[in-house]
Amino acid sequence: VVVDLVTCLLDERLETLEEGAQIARALNMILLRLIENVPRNTAFLVLLRVLSDAQGGKMAVAARFSELIMKCVWKLTKTLPDVINSMRVDELLYAVHSFLEVHPPAVWRTRADDTPLRTMKTILHTLVKLKGAELISELTLVGEAPIKVAVGSYLILMLRREGHTEQDLMFR
């Protein structure tokens with residue numbers, strides 16, 4: 001549904017219709033209501049999967065498609081302080097981990113635009129602000145050595161920057 005809505009929103013033929021602007025506004029409102037009203041975990045998981053697929057060339061989409069998906073992710077990320085206690089943070093961390101596994105940080109050095117990587121870091125930074133060192137124990141879905149993969153490394157780095165000690169950062 002998300003892919004279809006975004007594809008319709010970005011369809012250039014929409015601009016040629018007399019009511020095109022109204023239809024675009026309506027589609028945009030439907031997309032916003034959809035991501036606001038489904039469970040946050042579901043919204044994040046779907047959007048991060050769609051973004052990963054778009055970045056991986058699995059979809060024939062324009063850069064505008066990824067930009068619109070990232071805007072949705074940013075909107076959801078801003079709501080994290082209000083919904084963090086009702087979320088499965090381990091699933092969100094796993095979704096970020098999955099994105100970083102498919103699109104490792106080193107790949108972004110060669111790309112002109114690293115906004116998708118920065119989007120993942122923004123999610124992690126927001127989680128660090130909200131949950132602190134407790135996040136280390138939320139890496140259970142990532143694997144046996146979660147602090148040795150990109151998501152764990154980023155969390156450790158961000159937590160250290162926040163002033164957490166080595167004792168705080170031990171995997172629980």
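## Notebook: salt bridges, helices and core

I started with charged pairs, and Arg88 and Glu91 came up with their side chains meeting in a salt bridge at 3.2 Å, N to O. For my notes, a salt bridge is a side-chain nitrogen of Lys or Arg within 4 Å of a carboxyl oxygen of Asp or Glu.

Ground rules before going on. This is a predicted model, where local features need pLDDT of at least 70 and side-chain atom pairs count only at pLDDT 80 or more, while totals for chains, interfaces and linings use all residues. Residues are numbered from 1 along each chain as its sequence is written, and side-chain values use heavy atoms, with hydrogens and water left out.

**Entry 1: the Arg88 group**

I looked up what else Arg88 pairs with, and found a salt bridge to Asp90 at 2.7 Å, N to O. That links Arg88, Asp90 and Glu91 in a network of salt bridges. Next I checked exposure, where buried means under 20% relative accessible area, exposed over 50%, and partly exposed in between (1.4 Å probe, protein chains only). Arg88 is partly exposed at 43%, and Glu91 is partly exposed at 25%. Asp90 is buried, at 10%.

How many salt bridges does the structure hold? I got six. Another of interest joins Arg118 to Asp114, with the closest N and O atoms 2.8 Å apart. Arg118 is partly exposed at 44% relative accessibility, and Asp114 is partly exposed at 27%.

Glu138 sits in the loop between α8 (115–131) and α9 (150–161). Its contacts (heavy atoms within 4.5 Å) are Val89, Asp90, Leu93 and Lys131, leaving aside neighbours within four places in sequence. Asp90 is on that list, and Asp90 also belongs to the Arg88 network.

**Entry 2: overall layout**

I stepped back to the whole chain and found nine helices and zero strands. These are DSSP runs numbered from the N terminus, helices being H or I of at least four residues and strands E of at least two. The C-alpha trace spans about 65 × 35 × 25 Å along its principal axes. Of the 172 residues, 44% count as buried. Among contacts between residues at least 6 apart in sequence, 71% join residues at least 24 apart.

**Entry 3: helix α3**

Which residues of α3 are buried? I found Gly20, Leu27, Leu31, Leu32 and Ile35. Seen down the axis of α3, these fall within an arc of 135°, so they line one face of the helix. That arc is taken from the directions from the helix axis to the C-beta atoms. An α-helix has 3.6 residues a turn, so residues three or four places apart point the same way. On the other side of α3, Gln22, Arg25 and Asn37 are exposed. The buried residues of α3 pack against α1 (2–10), α2 (13–16), α4 (40–55) and α5 (63–83).

**Entry 4: the core**

I then looked at the largest nonpolar core, which has 53 residues. Such a core is a set of buried Ala, Val, Leu, Ile, Met, Phe, Trp, Tyr and Cys residues joined through side-chain atoms within 4.5 Å. Leu93, Ile123 and Leu127 touch the most other members. The largest share, nine residues, comes from α5.

Leu127 touches Leu80, Ile84, Val89, Leu92, Leu93, Gly132 and Leu135, not counting residues up to four places away in sequence. Val73, in helix α5, is buried at 0% relative accessibility. Val73 and Leu47 are 26 residues apart in sequence and 6.7 Å apart in space, C-alpha to C-alpha.

**Entry 5: two last look-ups**

Val50 is in helix α4 and is buried, with a relative accessible area of 7%. Its C-alpha atom is separated by 7.3 Å from that of Val3, 47 residues away along the chain.

His103 is in the loop between α6 (89–102) and α7 (105–108). Is His103 buried or exposed? I have it as buried, at 3% relative accessible area. Beyond neighbours within four places in sequence, His103 is in contact with Ser52, Gln55, Gly56, Trp108 and Arg111.
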